[in-house]
Amino acid sequence: MKFDALRTERLLLRPPRSSDTVDLHARRNDADVARYQDWQVPYPLDRAEVLVTESLELEGPTPGHWWMITIADPTDAAVLGDLAVHITDDGHTAEVGYSLSRSAW
């Protein structure tokens with residue numbers, strides 16, 4: 001089942017696009033954003049490209065893979081962050097994480 005965008009008055013959750021790589025890379029290189037996350041700064045551009053590409057190939061959460069959706073502003077579509085899901089243990093356990101650009105804090 002393919003993920004369709006969810007829209008509220010203040011939030012848009014949508015599938016990632018290749019163009020999201022630039023925002024993801026910038027956000028993950030912000031030391032304040034990365035402070036409580038599991039990645040190290042500097043965060044390489046090629047790693048951001050792989051994460052977005054892999055998410056584009058998946059239709060939804062898939063065991064053994066990180067699946068990401070983009071958090072955006074519904075009025076101007078500006079990327080605010082991402083929400084990621086990792087399913088493990090044959091679908092019995094899920095890890096959910098998110099990161100927001102400082103401008104969205």
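Here are some questions and answers about this predicted model.

Visitor: Happy to start with the overall layout. In what order do the elements of the protein chain run from the N terminus on?
Guide: Let's begin with the counts: the protein chain has 3 helices and 5 strands. Read from the N terminus on, the order of the elements is β-β-α-α-α-β-β-β.

Visitor: What is the radius of gyration of the protein chain, next to what the globule rule gives?
Guide: Along its principal axes, the C-alpha trace spans about 35 × 35 × 20 Å. For 105 residues the globule rule gives 13 Å, and the chain comes close to that, so it is as compact as a globular protein of that length. The radius of gyration is 13 Å.

Visitor: Now the charges. How far apart do the centres of the positive and negative sets lie?
Guide: The protein chain carries 10 positive and 18 negative side chains.

Visitor: How many salt bridges does a search of the whole structure find?
Guide: As background, side chains of opposite charge can pair when their charged atoms come close. A pair counts here when a side-chain nitrogen of Lys or Arg is within 4 Å of a carboxyl oxygen of Asp or Glu. Over the whole structure, the search gives 6.

Visitor: Let's look at one of them. How many residues apart in sequence are the parts that aspartate 82 and arginine 27 tie together?
Guide: The side chains of these two, aspartate 82 and arginine 27, meet in a salt bridge at 2.8 Å, N to O. Aspartate 82 sits in strand E4 (residues 79–88) and arginine 27 in helix H1 (residues 20–28), so the parts that the pair ties together are separated in sequence by 55 residues.

Visitor: And arginine 28: is it buried or exposed?
Guide: Arginine 28 also has a salt bridge with aspartate 82, the closest N and O atoms being 3.9 Å apart. Buried means under 20% relative accessible area. Arginine 28 has 9% relative accessibility, so it counts as buried.

Visitor: Which residues do salt bridges that share partners join into one network?
Guide: One link is between aspartate 32 and arginine 35, whose side chains meet at 3.0 Å, N to O. Through shared partners, the network is made of Asp30, Asp32, Arg35 and Arg102.

Visitor: Which residues does arginine 102 touch, not counting those up to four places away in sequence?
Guide: Arginine 102 lies in the segment after strand E5 (93–100). It is partly exposed, with a relative accessible area of 44%. Leaving out residues up to four places away in sequence, the residues that arginine 102 touches are Asp30, Asp32 and Val33.

Visitor: One last stop, the loop between E4 and E5. Is aspartate 90 there buried or exposed?
Guide: Aspartate 89 is in this loop, and it has a positive phi of about 55° although it is not a glycine. Aspartate 90 likewise has a positive phi, of about 55°. Exposed means over 50% relative accessible area. With 72%, aspartate 90 is exposed.

Notes:
Residues numbered from 1 in each chain as written. Predicted model: local features only at pLDDT ≥ 70, side-chain atom pairs only at ≥ 80, totals over all residues. Heavy atoms only, no water. Helix = DSSP H or I, 4+ residues; strand = E, 2+ residues; numbered from the N terminus. Rg over C-alpha atoms; globule rule 2.2 N^0.38 Å. Lys, Arg positive; Asp, Glu negative; His and termini not counted. Charge placed at Lys NZ, Arg CZ, Asp CG, Glu CD. Buried < 20%, exposed > 50% of the residue type's maximum accessible area, 1.4 Å probe, protein only. Contact = heavy atoms within 4.5 Å.
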